[in-house]
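Subject: Structure handover

Hello,

Here is the structure for you to look through. My notes on what was found follow below it.

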Amino acid sequence: VASSWYPALTEEMGKALGNEAHDLDVNVLLGPGLNIKRNPLCGRNFEYYSEDPIVAGRMAAGLIRGIQSNGVSACPKHFAVNSQELRRQASNSVVDERTMREIYLTAFEIAVREAAPMTIMTSYNEINGVYAHENKHLLQDILRNEWGFDGMVVSDWGGSNSAVAAVKAGGSLEMPSPGYTSVRELEGAVKAGTLSEADLNARAAEVAKIARLTKTEGVGRDDLLKDAVAAAHHEIARKVAENSSVLLKNASATLPLQSGTRVAVIGDMAKTPRFQGSGSSKVNATREENILDELKNAAAATGVTVAGYAQGYDRQGTKNQTLIDEAKTLAAADTTDAVIAVVGLDERSESEGLDRSTMAIPQVQNDLVDALTATGKPVIIVLVAGSPVELPWFDAVSAILYVGLSGQAGASATVRALTGQINPSGHLAETWPISYVDCPSAGWYPAIGRDAIYREGPLVGYRYY
């Protein structure tokens, strides 16, 4: 979405998301995620906007405004300096004050000042030795006193370690519900004089305020099932995808495909789409599309016909030469004018809880692309990935359309771009190194011990390159 560079678009998207949240009786929608993409291998990069805090902050502010226009609270996350999934609940981000403020806090500051989120979520990690949900410098000195945040601070799920320390530091709500253990700790601390009743009342008031402001009235799950609502939101999903696709290469004006072109469609993800990340980000879409069917559906209008389909590769990366041979035969056939190959990362590659081990896509897909380019036919890559990947065949293919993780209407949006019905005018919101070793933090990421030392300082992304 950040590839659109279009905050008004995220606001429109947020209005639809907030509308659905409201009708599902949801008070707080957990997003947007706006941590800085410090390193391409972070497992949650697909959830985050950019390596640049101004881009991330402005895009997040748009989404927050849209969500909250429905009387539903947005919840920007994960505050703050959260850059790796390895040891995420026991990692200490060691960062100097300048780098923290200039790079890792600025997006949150923009979101808070421009969009006034009702809620903000803390991260799991420590920052300079203090857990985020118990970090007075972050939650009181900066967030509330400097930026003027007056909402509720909620922990990530399981991210609160001491209820008493959290209340003292400015942490409002512990999730998931801890039962009575934390209540007894708080009550005991007040009685012992180690926690002021004023601090406890302040935190309780913050939670009560959000409950009052987000009292959802007129909710109705049935509204979401109405064809008109589902269709309207599907159109918004398509608009978002259309504005977010990026043309990485287009040699000899290969795209858009001209009327009369016969295309071989190749790749498991062309038929069984991957349009979202895994882990806690996964949702049940009201509709699903795939590129193969959408090309066929558009044939009458575009004049671009499907010469055939081949799976091309095993989705989980198992080597299967037969699949490559079938795809190559289809591509080389006299009835094929051009090849559309849908490749990228599978569902296991990008998920909450684990970082990627490599910037490469599965080797079986690279082998497939090599076989297709050897036929001499124009090869058009549709690239599916929520994060940068290495492109060893960049020079050999004719065109590359990067669609990211394009949402439930991503397939029809992709076909509209390929056939010239819309202009894929997005731009990357993060720098793609040609190979992983070019990345400034490659030598010390992810940190395997307790301390994740941000030794590259503010030289993140384009600031380094």
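**Aromatic pairs**

The count comes to five aromatic pairs, where rings of Phe, Tyr and Trp (its six-membered ring) pair if their centres lie within 6.5 Å; planes under 30 degrees apart count as stacked, over 60 as edge-to-face and the rest as tilted. One of them joins tyrosine 104 and tyrosine 454, edge-to-face, at 5.2 Å centre to centre and with 90° between the planes. This pair links distant parts of the chain, 350 residues apart. Tyrosine 104 sits in helix α3 (residues 97-115), and tyrosine 454 is in the segment after β14 (451-453). Helices (H or I, at least four residues) and strands (E, at least two) are DSSP runs, numbered from the N terminus.

This is a predicted model: local features need pLDDT of at least 70, side-chain atom pairs count only at pLDDT 80 or more, and totals for chains, interfaces and linings use all residues. Residues are numbered from 1 along each chain as its sequence is written, and side-chain values use heavy atoms, with hydrogens and water left out.

Are tyrosine 104 and tyrosine 454 buried or exposed? Both are buried, meaning under 20% relative accessible area, with exposed over 50% and partly exposed in between (1.4 Å probe, protein chains only). Arginine 38 lies over the face of tyrosine 454, 3.9 Å from the ring centre. The rule for such a charge is NZ of Lys or CZ of Arg within 6 Å of the ring centre and within 35 degrees of the ring normal.

Ring pairs also link Phe79, Phe108 and Trp147 into a cluster.

**The six-stranded sheet**

An open sheet of six strands runs in the order β8-β13-β12-β11-β9-β10, with mixed pairing. Two strands pair if DSSP finds at least two bridges between them. The edge strands, β8 (246-250) and β10 (305-310), each pair on one side only.

Within the sheet, β9 (residues 262-266) and β11 (residues 338-344) pair in the parallel sense over four bridges. Valine 263 has alanine 338 in β11 as its bridge partner.

**Helix α9**

Helix α9 covers residues 227-244. Its 18 residues should span 26 Å at 1.5 Å a residue, and its end C-alpha atoms are 26 Å apart, which agrees. The expected span is 1.5 Å times one less than the number of residues. Buried residues in α9 include His233, His234, Arg238 and Glu242.

Best wishes
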